[in-house]
Amino acid sequence: MNNQSSTVSRIFTWIGLIVVLGLIVWGLIAANNKAVQGRPKLTLLDPVTSADWITGSTTAPVTVVEYSDLQCPACQSYHNLVLKKLIAEEGSKFRFVYRHFPLPQHMNAYTAALAAEAAGKQGKFWEMHDKLFETQKDWEKLATSTAAETFAGYAKTLGLDAAKFKSDESDPALFAKVASSSESGNKTGVDSTPTFFVNGTSIDNPNSYDEFKAVIEKAAQ
Amino acid sequence: MMNLKQSLKKQLSNIPRWLPIVLGVIALIGFADAAYLSIEHFSNVIPPCAAGSCELVLTSKYSNVFGIPVSLFGSLYYLLVLVLVVLYFDAKKEIYLRIALFCTFAGMISSAIFVALMVFVIHAYCQYCLLSAGTSTALFIISVFALRKYRDEVATSVK
């Protein structure tokens, strides 16, 4: 009898511990989500210029600007699950602008941004941007030098001039371009990726394709 | 044999009951702090910084080891101490408490290294990291106190 009750109390002790820890983690995640969703709206400081990477319609009344990081898993999910389809199917309704905001905790994000820019020098920015997001899992954990070699391989697959790609990658002008995009994000108050601006005002990140589509349709009215 | 049993019992009773409880509570605070930073890391958010420049600390190259954020190691450390303390109460075996007490040495050394990095290398502070340094220092001080008690008991029993 005594043994039984002590077994019961032992089970309760451990269940209690798991419940307490679970509540703490759940509370922290909820607080984090609330902080992310309830952030004050930011205003885009740097207007879209011809120096930006723009796709979709150039005449549409809606402009979506994304500050993004090629190594950020959330940006990758948005790209693969939402943006790619959105641009393909609704691309006539908005123009999409990509700006680099490589986060320092992602060690290959800057190199990836340079690879996309170097591909851009040969007219294939968006192709490389897509490729890098699609292959993110393959290179995110590589040492930076190995990642650079992997990117050179992608450049070859995309039919780019390998020698030019390599020399462009180390071009100080491209470094400066990525740095100034990142600085533009900092100045605007961007503190996480991806951050989307619709017609100059930041939005709470939509949770699905349909939500994102609705945001664009609303902005078009 | 009887002597050994008695001495074990005696040692247990000589460690004040509040000690492992306080150890557990502090470990729980440390866990919440470190878990918060880990969650922020994985959701790509830099947490609000009241003072100092915590974004510099939390995004520095010292903030992760092999791509794993230091805060995740911290969370696991506090979780380990907490589980050992509960295990001690649950199984009533002193060995678990002893392991927990020795674990705090590792926590103290890691915290000292991180504080030194903030002061001498990064030149920026982050309140979450300082809180963690505080909790691991508290765990360490309590552990030294408890281990001294053990030592005194061994000394008296030898007499």
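**View 1. A:Phe197 and its bridge partner in strand E5(A).** In this predicted model, A:Phe197 has A:Ser202 of E5(A) as its bridge partner. Strands E4 (residues 195-198) and E5 (residues 201-202) of chain A pair in the antiparallel sense over two bridges; two strands count as paired if DSSP finds at least two bridges between them. Helices (H or I, at least four residues) and strands (E, at least two) are DSSP runs, numbered from the N terminus. In the hairpin that E4(A) and E5(A) make, two residues lie between the strands, and A:Asn199 takes a positive phi near 50 degrees. Local features shown here need pLDDT of at least 70, side-chain atom pairs count only at pLDDT 80 or more, and totals for chains, interfaces and linings use all residues. Residues are numbered from 1 along each chain as its sequence is written, chains are lettered from A and ligands numbered from 1 in the order in which they are written, and side-chain values use heavy atoms, with hydrogens and water left out.

**View 2. The two covered faces of strand E4(A).** Look at both sides of E4(A): A:Thr195 and A:Phe197 on one side, and A:Phe196 and A:Val198 on the other, are all buried. Buried means under 20% relative accessible area, exposed over 50%, and partly exposed in between (1.4 Å probe, protein chains only). In a regular strand, side chains alternate between the two faces of the sheet. Strand E2 (residues 62-68) of chain A runs antiparallel to E4(A), and four bridges join them. Here A:Val64 stands opposite A:Val198 of E4(A).

**View 3. The largest nonpolar core.** A nonpolar core is a set of buried Ala, Val, Leu, Ile, Met, Phe, Trp, Tyr and Cys residues joined through side-chain atoms within 4.5 Å. The largest one has 41 residues, and among the members that touch the most others are A:Val64, A:Leu70 and A:Phe212. Helix H3 (residues 109-121) of chain A gives the most to this core, with seven residues. Apart from it lies another core, of 40 residues, among them A:Leu28, B:Tyr36, B:Leu97 and B:Cys126. In soluble globular proteins, nonpolar side chains tend to be buried together.

**View 4. The surroundings of A:Leu70.** Leaving out residues up to four places away in sequence, A:Leu70 touches several residues, including A:Tyr98, A:Ala112, A:His129, A:Phe133 and A:Trp139. Contact means heavy atoms within 4.5 Å.

**View 5. The two disulfides.** Over all chains the count comes to two disulfides, each a pair of cysteine sulfur atoms within 2.5 Å. In chain A, the sulfur atoms of A:Cys72 and A:Cys75 are 2.4 Å apart, and both residues are buried. The torsion about their S-S bond is about 95 degrees, so this disulfide is right-handed. In chain B, the sulfur atoms of B:Cys126 and B:Cys129 are 2.1 Å apart, and this link is right-handed too, with 85 degrees about the S-S bond. B:Cys126 counts as buried because its relative accessibility is 0%, and B:Cys129 counts as buried at 19%.

**View 6. Helix H8(A) and its buried face.** Helix H8 (residues 172-188) of chain A has 17 residues and reaches 24 Å from its first C-alpha to its last, close to the 24 Å expected at 1.5 Å a residue; the expected span is 1.5 Å times one less than the number of residues. Its buried residues include A:Leu174, A:Val178 and A:Gly185. Seen down the helix axis, the buried residues of H8(A) fall within an arc of 150 degrees, so they line one face; the arc is that of the directions from the axis to the C-beta atoms. The face turned away from this buried side carries the exposed residues A:Pro172 and A:Lys187.
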